[in-house]
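Me: I have a model open and would like to learn how to read its features. Please take me through them one at a time.

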Amino acid sequence: MSKPLKQIHLAAHFPGVNNTTVWSDPEAGSHIEFSSFAHFARTAERAKFDFLFLAEGLRLREQGGEIYDLDVVGRPDTFTVLAALAAVTERLGLTGTINSTFNEPYEVARQFASLDHLSDGRAAWNVVTSWDAFTGENFRRGGFLPQEHRYSRAKEFLATVTELVDSWHGDEILADQATGTFLRDAKAGSFVHTGQHFDIHGQFNVPRSPQGRPVIFQAGDSDEGREFAAAGADAIFSRYATLDGGREFYADVKNRLAKYGRRKDQLLILPAASFVLADTDAEAEDLAKQVRRQQVSGATALKHLEFVWNRDLSGYDPEGPLPDIDPDLGESHIARGRAQVRMYRDPLATAREWRELAAARGWSIRDLVIETGNRQNFVGSPETVARTINEYVQADASDGFILVPHITPTGLDAFADQVVPLLQEQGVFRADYEGTTLRDHLGLAHPDSAGQDQRAAS
């Protein structure tokens with residue numbers, strides 16, 4: 001007996017704070033003007049996507065004392081954008097990345113509870129931590145938290161936010177105009193929290209919102225990050241969008257749930273995925289190569305190489321061979337504040353591997369950077385892309401994908417118009433929204449104020 005087809009979850013990532021988007025393309029628009037966000041969100045909602053996703057950059061990254069020009073310079077405040085989008089959409093979920101290292105639980109709880117009210121139950125929080133002093137300088141903390149402390153703070157941060165939003169049960173507002181009684185209980189919203197990182201008490205001033213709590217996303221890939229997601233997240237933002245890597249990550253995270261008393265359907269695995277569409281597979285492959293070269297200019301290739309070499313390589317020809325000199329293993333890094341630095345734990349081994357690869361393939365510096373990174377996940381005709389996405393989901397490599405187009409704001413249009421109808425024809429993607437909240441879209445239960453999963457308890 002064959003198992004039933006899984007329903008695919010799709011979301012849209014408004015790109016920025018990276019070099020995925022090709023801002024130099026003539027079709028590209030602003031990453032700050034609200035019209036770009038509105039177009040992108042309306043396209044996602046027209047396609048019946050689960051949610052829109054915003055990343056967060058708390059500092060513009062730099063190299064050599066200059067802003068890294070392939071980053072999209074500027075990122076409007078997440079809550080401001082999401083609140084505005086709540087007014088021009090009706091069903092699309094609104095997911096924002098908010099840092100747990102440089103914020104406070106009361107403020108974040110209040111913001112997400114407010115957004116959930118404004119959107120009628122469509123708010124979600126992607127919980128992240130920050131690892132570097134580079135970002136911390138903007139907050140005058142003078143440094144960073146070690147990884148074990150970052151996750152300790154994040155766990156208590158999330159638990160505290162949950163306590164705050166649960167301090168309202170949902171039945172406190174009487175609003176009896178005849179008697180002038182507004183609250184049944186004058187102590188509604190009272191809370192006391194004493195812990196390692198937070199010692200606060202008072203009254204939370206936002207009544208219980210439509211979802212009870214925002215949907216919780218988590219994006220960490222370390223062992224601590226996977227445990228954090230298994231313990232309390234509703235979905236995990238994964239970078240494993242290949243079939244083999246996805247299946248391994250999927251099985252690992254899902255198998256961690258049981259020890260926290262959770263079912264496998266209570267945590268969704270949603271990798272980020274880029275795509276290139278064309279009328280035929282061959283045309284899409286050619287277009288994908290063009291896009292990769294747009295994403296990695298010669299100057300960008302040298303900057304990427306500096307992540308490993310930790311040296312100023314501006315004097316090298318990006319169309320020439322890799323440097324013969326070895327990486328500098330000094331503590332101070334030329335590319336501070338960039339997450340890619342952490343990817344290369346052994347720079348000497350990486351440099352040796354890249355030299356051998358470039359020599360064997362006849363690659364220049366730019367060729368190497370293009371071919372070892374920034375490869376699109378799904379390339380082909382609409383039929384090929386729809387078939388491949390469905391194969392990945394049915395094979396338990398993911399529960400769906402968070403799509404990252406390379407053009408903003410119109411880069412999602414072709415996928416919505418050409419791929420989504422094919423998935424609908426296969427019976428693996430909704431023809432219309434069946435519920436009103438993001439939890440409804442994701443198949444997640446609405447928790448009550450006592451922390452009970454209402455679906456599981458029923």
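Reply: Axes are lines fitted to C-alpha atoms, for helices over the stretch in contact, and angles run from 0 to 180 degrees between N-to-C directions. Helices are DSSP runs of H or I with at least four residues, strands are runs of E with at least two, and both are numbered from the N terminus.

Me: What ground rules apply to the numbering and the values?

Reply: Residues are numbered from 1 along each chain as its sequence is written, and side-chain values use heavy atoms, with hydrogens and water left out. As the model is predicted, local features need pLDDT of at least 70 and side-chain atom pairs count only at pLDDT 80 or more, while totals for chains, interfaces and linings use all residues.

Me: Which residues of H12 and H13 meet?

Reply: Pro382, Glu383, Val385, Ala386 and Ile389 in H12 meet Phe415, Gln418, Val419, Leu422 and Leu423 in H13; contact means heavy atoms within 4.5 Å. The contact divides into eight nonpolar residues, one polar and one charged (Ala, Val, Leu, Ile, Met, Phe, Trp, Tyr, Cys and Pro count as nonpolar, Asp, Glu, Lys and Arg as charged, and the others, Gly among them, as polar).

Me: How are H1 and H2 placed?

Reply: Two packed helices are described by the angle between their axes and the distance between the axes. For H1 (residues 34-46) and H2 (residues 78-86), the axes come within 10 Å and cross at roughly 55 degrees, so H1 and H2 are oblique to each other. From H1, Phe34, Phe37, Ala38 and Ala41 meet Val81, Ala84 and Leu85 of H2. By class, this contact has seven nonpolar, no polar and no charged residues.

**Strands**

Me: In what order do the strands of the barrel follow one another?

Reply: Strands of a sheet pair through backbone hydrogen bonds, either parallel or antiparallel. Here eight strands close into a barrel in the order S1-S2-S5-S6-S11-S12-S13-S16, with parallel pairing. From one strand to the next, the twist averages 30 degrees. Two strands pair if DSSP finds at least two bridges between them.

Me: How many bridges does S11 form with S6, and how many with S12?

Reply: Strand S6 (residues 123-128) pairs with S11 over four bridges in the parallel sense, and Ala124 has Val215 as its bridge partner in S11. Two bridges join S11 to strand S12 (residues 235-238), also running parallel; there Phe217 is partnered by Ala235 of S12.

Me: Which way do the side chains of S11 point?

Reply: In S11 (residues 215-218), Val215 and Phe217 point one way and Ile216 and Gln218 the other way, and all are buried (buried means under 20% relative accessible area, exposed over 50%, partly exposed in between, with a 1.4 Å probe and protein chains only).

**One residue**

Me: Is Leu118 buried or exposed?

Reply: Leu118 counts as exposed because its relative accessibility is 57%. Leu118 lies in helix H3 (residues 105-118). Not counting residues up to four places away in sequence, Leu118 touches Ala83 and Ala86. The C-alpha atoms of Leu118 and Ala86 are separated by 6.7 Å, though these residues are 32 residues apart along the chain.

Technical notes
Angles under 35 degrees count as roughly parallel, over 145 as roughly antiparallel, 65 to 115 as roughly perpendicular and the rest as oblique.
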